[in-house]
Amino acid sequence: MKVAITYHEDFGRDGFSVLKERIRPSFEALMESGVVDGIDVQVFKPSPAPIELVRRAHTSSHMESMETDPYRDVAILSAGSVMMASELVATGQAESAFAYTGTAGHHASRGSAWGFCYFNDVAITILRLKELGLKRILIVDVDPHFGDGTRDFFGNDPDVFHINFHSGTGEKHDPAKNNYDIGLGFGASDEKFLGALRSSLELAKDFDFQIAFVIFGHDSHQDDYGGFNLTFDAYPRMAQMIKQTVGDKGLVYVLSGGSCVHVAKQVIPDVVRVLAGRWPS
Ligand SMILES: [Zn+2]
């Protein structure tokens, strides 16, 4: 299979208020796009992430503070979606995957969380991937907000290569630890973003990773709430560039920020088309 989609209807029903409205319409648009054929592109229904892995990733005080949070269950289900998508890729059942979520993850640190995030879906999943024997991981965070939670988990781990785009200013690279922060400023255009993406992916070429994650926040679109000014044109180009760099290693897209329904309805099917090798359709 070329692309596995992991989706649960609870994401649109119980997801974080800002994020959830886009979920069902974008999934329906994806199903109507014709790209999901049940052979090359298939949909899977995730289960909640195993609680022992969530507990291993986060501190006991954070787990305690989440106990009565109304978004707790959908956040654990979101981590389960990322985990299922990644397992399908890591075991060779799918070349790539797109994981829907109901909450985001990249602002969730080990002991705290903010910004529509509760548990760090990718960090929890990496614990599972390590159980499967994977070690070297590339994370490309294209959400325009700084992925501080992901950095908290992996900032000192050179086996996780973290390219972190954000709408602040300046670039800060720490090659010894494989941390690359790329501030594009407020209102970055398609050309500015894609040029910086190309250069940063060059940096990752010599890093012998086994699987790659894209923290996919479409709040980077000019109509959405994040700090970039991207047009619809940027998303399939971004996906092609990343797909080319990843090659035959596994690639997992993880839905992150974004609230605009019309943006999600276009960019998610476009990305899946690229992953399926059906772009332009
Ligand atoms: Zn964001």
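Mentor: This is a predicted model. In it, helix α9 (residues 190-204) and helix α10 (residues 234-246) pack at an angle of about 10 degrees, and their axes are 10 Å apart.

Trainee: Why are α9 and α10 called roughly parallel?

Mentor: Angles under 35 degrees count as roughly parallel. The angle between α9 and α10 is about 10 degrees, and the two helices are therefore roughly parallel to each other. On the α9 side the contact is made by D190, F193, L194, L197, R198, L201 and A204. On the α10 side it is made by A234, R237, M238, M241, I242 and T245. By class, this contact has 9 nonpolar, 1 polar and 3 charged residues.

Trainee: What makes the span of α10 close to the expected one?

Mentor: The expected span is 1.5 Å times one less than the number of residues. For the 13 residues of α10 the expected value is 18 Å, and the helix reaches 18 Å from its first C-alpha to its last.

Trainee: How do you know that the buried residues of α10 line one face of the helix?

Mentor: The buried residues are A234, Y235, M238, A239, I242, T245 and V246. Seen down the axis of α10, they fall within an arc of 130 degrees, so they line one face. They pack against β4 (137-141), α9, β8 (211-216), β9 (250-255) and α11 (261-275). Just after α10, G247 takes a positive phi of about 60 degrees.

Trainee: Why is α7 described as largely enclosed by the rest of the structure?

Mentor: A residue is buried if 20 or more other C-beta atoms lie within 10 Å of its own. In helix α7 (residues 121-131), 8 of the 11 residues are buried, so the helix is largely enclosed. These are D121, V122, A123, I124, T125, I126, R128 and L129. They pack against α4 (51-57), α6 (72-90), β4, α8 (148-154), β8 and β9.

Trainee: What makes α11 mostly covered?

Mentor: Of its 15 residues, 11 are buried. They are V263, A264, V267, I268, P269, D270, V271, V272, R273, V274 and L275. What covers them includes β1 (3-6), α3, β2, β3, α10 and β9. From first C-alpha to last, α11 reaches 21 Å, close to the 21 Å expected at 1.5 Å a residue. The helix is followed by G277, whose phi is positive, near 75 degrees.

Trainee: Why is P158 called partly exposed?

Mentor: A residue is buried at 20 or more other C-beta atoms within 10 Å, exposed at 12 or fewer, and partly exposed in between. P158 has 16, so it is partly exposed. P158 is found in the loop between α8 and β5 (160-166). Leaving aside neighbours within four places in sequence, P158 is in contact with A176, K177 and N178.

Trainee: What makes the phi values of F116 and N178 worth a remark?

Mentor: Most residues other than glycine have a negative phi. Phi of F116 is near 65 degrees, a positive value, and N178 has a positive phi of about 60 degrees although it is not a glycine. F116 is in the loop between β3 (96-99) and α7, and N178 lies in the loop between β6 (169-174) and β7 (179-184).

Trainee: Why do F116 and N178 count as buried?

Mentor: The cut-off is 20 or more other C-beta atoms within 10 Å. F116 has 26 such neighbours and therefore counts as buried. N178 has 24, so N178 also counts as buried.

Trainee: What is the peptide bond from W279 to P280, cis or trans?

Mentor: That bond is cis, with omega near -10 degrees. Most peptide bonds are trans. P280 is in the segment after α11.

Methods: Residues numbered from 1 in each chain as written. Predicted model: local features only at pLDDT ≥ 70, side-chain atom pairs only at ≥ 80, totals over all residues. Axes fitted to C-alpha atoms, helices over the stretch in contact; angles between N-to-C directions. Helix = DSSP H or I, 4+ residues; strand = E, 2+ residues; numbered from the N terminus. Parallel < 35°, antiparallel > 145°, perpendicular 65-115°, else oblique. Contact = placed C-beta atoms within 7 Å. Nonpolar A, V, L, I, M, F, W, Y, C, P; charged D, E, K, R; others polar. Arc of directions from axis to C-beta.
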